[in-house]
Amino acid sequence: MLGFAVGLFCIQSTLPAQPASLENGQRFRRELATAETHDYSVSLRRGDWFRAVFRPYGIHASIEIRDPAGSEQINYDTSRHTQIDTLPQFIAQVDGVHRIQVRARSRGKGSYDVRISIQPADDLARASTEAVKTLLAADPSGDRNAATARQTITRFEHAVELARQAVEPMLEAHLSRRLGVAYLTLGELAPADRWLEGSLAIFRRESNAAGIAAATHDLATHRMMAGERRMAIDLYRKAFALRESAGDAWGAAQSLTNLGLAYHPTEEPEKQLEAYSLALTRWRHLGDVHAEATTLHNIAETYLRLGDYPRALEYCERALPLHRANAQLAGETHTLSHMADAYRNLGQPQKSLNLLTDAVQLARKRDVQWMLANTLVDLAQTLQAVRQPAKAIEAYEEALAIRLKTGNRGLVAQIRSELGIMRMATHPDRAKEDLTAALQTFESTGNQAGRMQALAGLALLDRKNGHLAAALARMETALGLLEKIREKVPGAELRASLLASRRDYHDLHVDLLMELHRSDPRAGHAARAFAAVESGRARGLLDLLAEAGVSVEQGIAPELRERELRAIGRLSNLSARLLAERSKPAPDANRIRLIESETAELDAEADRLQVLIRASHRAYADLKYPKALSLHDVQSVLAPGVALAEYALTREASYLFVVTRSSFAAHRLAPPPAIEAKLREFREMVGRPGRREFARYRQVAASLYQMLLGPAESLLARNSRLVIVPDGVLHYLPFEALTTGGETAGSFAALPYLARRWSTAYAPSATVYARLVSTPGASAGGNLMALGNPLNALAPRLPAAENEARTVAAMFGGARSTVLLGLDATEHAVKFDPRVADASVLHFAAHGVLDDRPRASGLLLAAGKGEDGLLQAREIFNLRWKASLAVLSACDSGSGTLQRGEGVLALTRAFLYAGAEAVAVSLWRVEDLATSALMQSFYDAFRKSGDPVTSLRKAKLTLIANPTTAHPYYWAPFVLVGGAGK
């Protein structure tokens, strides 16, 4: 954010009665509030030199002076001129009473100082007045084109000479500072540094604290543009402290915003988000809509760098209308670029390209070179995504030419790194030159994210040239940097987003190891590849499980925790209102937009509170997050007869790793596009029960089995239990419904399903699975809590679910069971009834609610006692259970957002975090009566064995044996995730 506040004189003041007429030498202070106007007058003779030191405190204000004929002599507005105190002045052209008006220009309450000076004009007065006129006429926003900036510089250099002639050191200081700002706008750092340092020297000599603060702020911006982040951070902190102590609310908010910019978004995101959050609150209080919009898109940029693209879009969508309402083309261009970046990473490159085309046109229209360079880089990245490499290189080269003029080594290195990767296929020598130069710059400036990118590019080049060992060494260095960055990111979800956004690094690492394994199968590269897959798999959930042991009831400010809980409760209520509105026969679109807007605002507040809690809570700071396990470590926790099948789908290839207690094998599978195409076909058929698809189903199910498990069949056959660790689209595949092939069956009931051969469980990663099976938990023979058919106005009744809950409880044992039905199956009971917290088995027969935001997904329960009836994942995270098993007998309970490296993020991870060791969920909308039958069969087996994995398999076989429910549609959707096999 390139806005620069200017300092003020510190003047003594008294508080007189409101003067009607002002006189030479008069000084006073007066309060000023929203929309107030104060009128004064002053008598002048022609040739009088009028000067008014005018300084507002805590509020923006303007001072306007008109001559007796009504002609404007001064119109000085601190909201436009950022509190310049260099004597707004003029030389009277006529005799008579001149009118003075002071007006509030922002919301709130503050005050202002005035000091009046009147004396006959001389040559020095004329020089000073012309210099001030130049200063006040300049556009201070930083949003101007190159030609205008050059004109401003010429005028300012002349004005500096006039100020020196007039012996006006403060005027010279302010003009010098504005010259520095003008050069910063052009990206010319050397002259900017010279003028800024000169202004600071004068402010110090004159002991002008506010001027020192403002010049310090601008020097921080200079250091930031030069790529010297640490020095910029120190200077912004100093500027903020100086402005805060001087009562400069606007300047303090500005320094906070720029302090946020100085923090690296992937290395210090918690500090960056905290600075932005504090600044955002201040801008809203000051009523500065432009600064508010700028801060919103700055926050969006942080989430972009962390890979949280949906949240980045939310902030962009809040910033864009504010920019447009204030005709801020620079802000609009910046925000459009951020939105394009988010859409590109969300797999919508054409939408991204459309937005960037508009953004580039805006940047060219304004002729703001730094903005054009930034937008061209974004355009180049999107052109890569839509496979237009020639145009992408053109955009990069134009951006590079612009940035080379600025002298910003960091930005030049960024483009050279991107260009190096682009040129790899056609100009490998130039590619190596670009990447090597970029790496050297990133290393010298301490840009770790840039180092990772350049190292990955050089690794790709080494691989292309057949230097696999060198490529591997570079990637392991890059991934070591990524791990260090990840450790600094606050909160498991943001860490998961960061890893997902850098998943390509892990993929390349795995591809390299598997290529080395193919050339030397005995060197242990496959085991290292398995460990590499684990290091990028479900790390967010692993971190969450570690955080589950931290008590947030102690060690943080109670009001902070209370604010978080209140925000979560309000978010749930808003979601319930939104669901209710959308469920109406004629939904109110305006009301939906209002609720969505309020939800986004509150969601952002909840995120900020999470950051603050983790930043202030000692237990989080001291927590040692678990590392991914090695092959040997995973083998040590696997029980005899258990085979773990872990998949890795990279950009280039698919791999299967099979691990048992005493053996290990790695296989290269069909390319990912072939697997995805076959899986789509399978999912379409499994969702349509009927005889007509039988022959095709048999062929596709057998083909998919051979693709995914066929190469490891001999090893798998020696085990009775499978633990599947899926990747990518495989999260949506019920493996039990695949067929092992070679059959001549004529019906669905006779097919050789995988479920006939193995008991199957699922896990987000081998490391998470090991943690779950190794954690002491509740006994499977404890108490059952069942909730069935909760009455909620937002969804139809589920009579079969009520019968299901009653039957399950009866089978489990009446003395050991509690059943809550209808109006008694409340959200309040789930949160506060000790029987729920202490139950070893939790059973929910209810409607599920899916949301694009994982934390907003939930279960519909009965309302009451202050609860809205929508139990969201974000609320479950605050619960603590002792359950060995949780069963979600609800529609689509296992679905949710698919994040690369993390899997399906929805209710499953919330239940695991809350304490459940294993969770049974459904992968698609389930049939009510068939589900009830499956659950009865499941619990009949479970109460005898205490083993949910074999029990679920027996229940599925029971439904397969019945011709009415033999189609996989009825029994396949339910899968078991978590710590099975104890």
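Modeller: Contact here means heavy atoms within 4.5 Å. The model is predicted: local features need pLDDT of at least 70, side-chain atom pairs count only at pLDDT 80 or more, and totals for chains, interfaces and linings use all residues. Residues are numbered from 1 along each chain as its sequence is written, and side-chain values use heavy atoms, with hydrogens and water left out.

Leucine 259 lies in helix α8, residues 249-262 (helices are DSSP runs of H or I, at least four residues, numbered from the N terminus). With a relative accessible area of 9%, leucine 259 is buried (under 20%, 1.4 Å probe, protein chains only). Leaving aside residues up to four places away in sequence, leucine 259 touches Ile233, Tyr236 and Arg237. Alanine 220 is 39 residues from leucine 259 in sequence, yet their C-alpha atoms are 8.9 Å apart.

For a packing of two helices, turn to α13 (residues 349-366) and α14 (residues 369-385), whose axes come within 9 Å and cross at roughly 155°. That crossing makes α13 roughly antiparallel to α14 (over 145 degrees, between N-to-C directions of lines fitted to C-alpha atoms over the stretch in contact, on a scale from 0 to 180 degrees). On the α13 side, the residues that meet α14 include Leu353, Leu356, Val360 and Arg364. Among their counterparts in α14 are Leu372, Leu376, Asp378 and Leu379. The residues of this contact divide into twelve nonpolar, three polar and two charged (Asp, Glu, Lys and Arg count as charged; Ala, Val, Leu, Ile, Met, Phe, Trp, Tyr, Cys and Pro as nonpolar; the others, Gly among them, as polar).

How values were computed
Angles under 35 degrees count as roughly parallel, over 145 as roughly antiparallel, 65 to 115 as roughly perpendicular and the rest as oblique. Buried means under 20% relative accessible area, exposed over 50%, partly exposed in between (1.4 Å probe, protein chains only).
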